[in-house]
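Dear colleague,

I am passing on the structure below, and my notes on it follow directly after. Please read them with the coordinates open.

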Amino acid sequence: MPEWKNMVGQVKNPQTGKTLDEEGRLIKVEQIDASIAVHYKRDGLALEHKKLIEQSIYELLEKGFSEDDITVLSFTSETTEQARPAAAQAQLKAGHGPIGAGKKRVPGVRKVLAVSSCKGGVGKSTVAVNLCLAFKNQGLKVGLIDADIYGPSIPMLLGKRDAQPAANDQKKIVPIEAYGIHFISFGLFIKESDPVIWRGPMLGGVLNQFLFDVDWGELDVLVIDLPPGTGDMQLSMIQSTEVDGALTISTPQSVALLDSKKGVAMFNQVKIPVLGLVENMSYFIPDDQPDKRYHIFGEGGVEQAAKELALPLLAQIPLEIPLREGSDNGVPYMSNNSFEGRPVWNAFSQLSLAMIEALGLKEQKKGFLSRFF
Ligand SMILES: Nc1ncnc2c1ncn2[C@@H]1O[C@H](COP(=O)(O)OP(=O)(O)OP(=O)(O)O)[C@@H](O)[C@H]1O
Ligand SMILES: [Mg+2]
């Protein structure tokens with residue numbers, strides 16, 4: 001074993017030409033049976049150099065280990081100490097899979113869609129859940145990953161707070177089903193009272209498990225509810241997966257052009273197309289005054305941001321009390337046909353159709369049907 005540590009220590013940082021050992025970056029190399037894990041410090045590394053270093057480590061270790069048995073975790077000095085106990089306590093194998101070593105597609109899944117927001121509390125999870133149901137209402141098979149470690153709310157929104165995911169014969173995690181949607185969530189692996197001890201550098205690996213160690217079966221679309229924000233953590237979560245498109249949710253009040261630009265730049269960096277912006281909590285129509293629109297959080301901001309970013313404004317979702325009530329009660333709005341035709345229902349339906357078009361799901365669906373007609 002010591003020779004693996006020495007060999008990894010000789011990997012060079014292309015930024016400086018010095019080895020990991022020389023720069024004191026190697027924290028530990030741990031071999032357990034056929035698996036090996038490398039922990040190193042990535043302080044000050046540019047993303048492209050970090051990727052190259054990890055690639056070199058993988059290439060080296062693949063001489064002795066299979067790809068699935070190699071884990072490379074990067075830490076910054078400030079997270080190193082907290083991150084270790086988290087790895088031990090979690091049920092998930094934190095950091096599993098090759099982070100940043102080439103993008104992989106999720107087998108059996110036609111399209112992957114990421115739902116993001118620059119700020120928290122704008123309704124990202126509400127939109128993710130109801131968009132999934134709108135897809136289902138269009139006849140698609142849908143999966144949902146709740147990757148929001150700081151506020152994993154999907155189990156609550158789908159009325160499955162106490163569900164416990166099981167493993168199948170192939171040791172894959174079986175997703176939970178609710179309202180015809182298959183989903184998995186960080187919330188199912190941590191107790192609600194637990195402090196959130198996870199740290200950014202590990203999350204890319206955990207999302208990798210949600211993508212590749214979950215038995216998704218055949219899906220038309222897999223939606224990922226990302227943590228709010230556009231930082232390093234979100235980037236590390238999505239950089240190793242082939243994501244076909246991203247949506248950004250804002251409210252008229254929360255939208256800031258600079259944040260939106262950062263979000264678009266983040267997705268550009270990992271070559272994920274941003275399909276457009278969604279405005280949530282756009283306006284309120286009182287039931288007893290159906291001709292009135294109250295712009296409670298302001299008006300026009302998201303439209304303006306979309307214009308400046310040259311992105312489409314895909315939907316404007318109004319405020320409705322039953323949308324909030326449905327979320328609180330674990331009965332999502334779009335699962336209840338009696339809301340058909342209401343403004344929120346129409347907005348989600350419109351958004352799902354725009355996504356089906358943008359992701360090319362329509363063509364494939366047509367092709368599929370044309371075999372029968
Ligand atoms: N259009 C809407 N009409 C009424 N209530 C809404 C609407 N959109 C979201 N809400 C409510 O706003 C609150 C925040 O929504 P949600 O949890 O989906 O936001 P989020 O962006 O996922 O938040 P976080 O950043 O905490 O993950 C919830 O109580 C939700 O029910
Ligand atoms: Mg949320």
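Around ligand 1 there are 17 residues, and those that come nearest are Gly121, Lys124, Ser125, Thr126 and Asn280, where a residue is near a molecule if one of its heavy atoms lies within 4 Å of it. Please bear in mind that this is a predicted model, in which local features need pLDDT of at least 70 and side-chain atom pairs count only at pLDDT 80 or more, while totals for chains, interfaces and linings use all residues. Residues are numbered from 1 along each chain as its sequence is written, chains are lettered from A and ligands numbered from 1 in the order in which they are written, and side-chain values use heavy atoms, with hydrogens and water left out.

The shell around ligand 1 draws at least two residues from each of helix 4 (124-137), strand 10 (274-284), strand 11 (313-319) and helix 10 (321-329); helices (H or I, at least four residues) and strands (E, at least two) are DSSP runs, numbered from the N terminus. Backbone polar contacts (pairs of N or O atoms within 3.5 Å; within protein, one must be able to donate a hydrogen and the other to accept it, and residues adjacent in sequence count only if both atoms are side-chain atoms) to oxygen atoms of ligand 1 are found at 2.7 Å for glycine 121, at 3.0 Å for valine 122 and at 2.9 Å for glycine 123. Of the 630 Å² of accessible area that ligand 1 has on its own, the protein covers 79% (Shrake-Rupley method with a 1.4 Å probe; for residues, only the protein chains shown count as cover).

Turning to the aromatic side chains, the structure holds 4 aromatic pairs (rings of Phe, Tyr and Trp, the last by its six-membered ring, with centres within 6.5 Å; planes under 30 degrees apart count as stacked, over 60 as edge-to-face and the rest as tilted). One of them, between phenylalanine 186 and phenylalanine 210, is tilted, at 5.1 Å centre to centre and 45° between the planes. Phenylalanine 186 lies in the loop between strand 7 (181-185) and helix 6 (200-212) and phenylalanine 210 in helix 6, so this pair ties together parts that are 24 residues apart in sequence. Phenylalanine 186 is buried, at 1% relative accessible area, and phenylalanine 210 is buried at 0% (buried means under 20%, exposed over 50%, partly exposed in between, with a 1.4 Å probe and protein chains only). Phe186 and Phe210 also form one aromatic cluster with Phe189.

With kind regards
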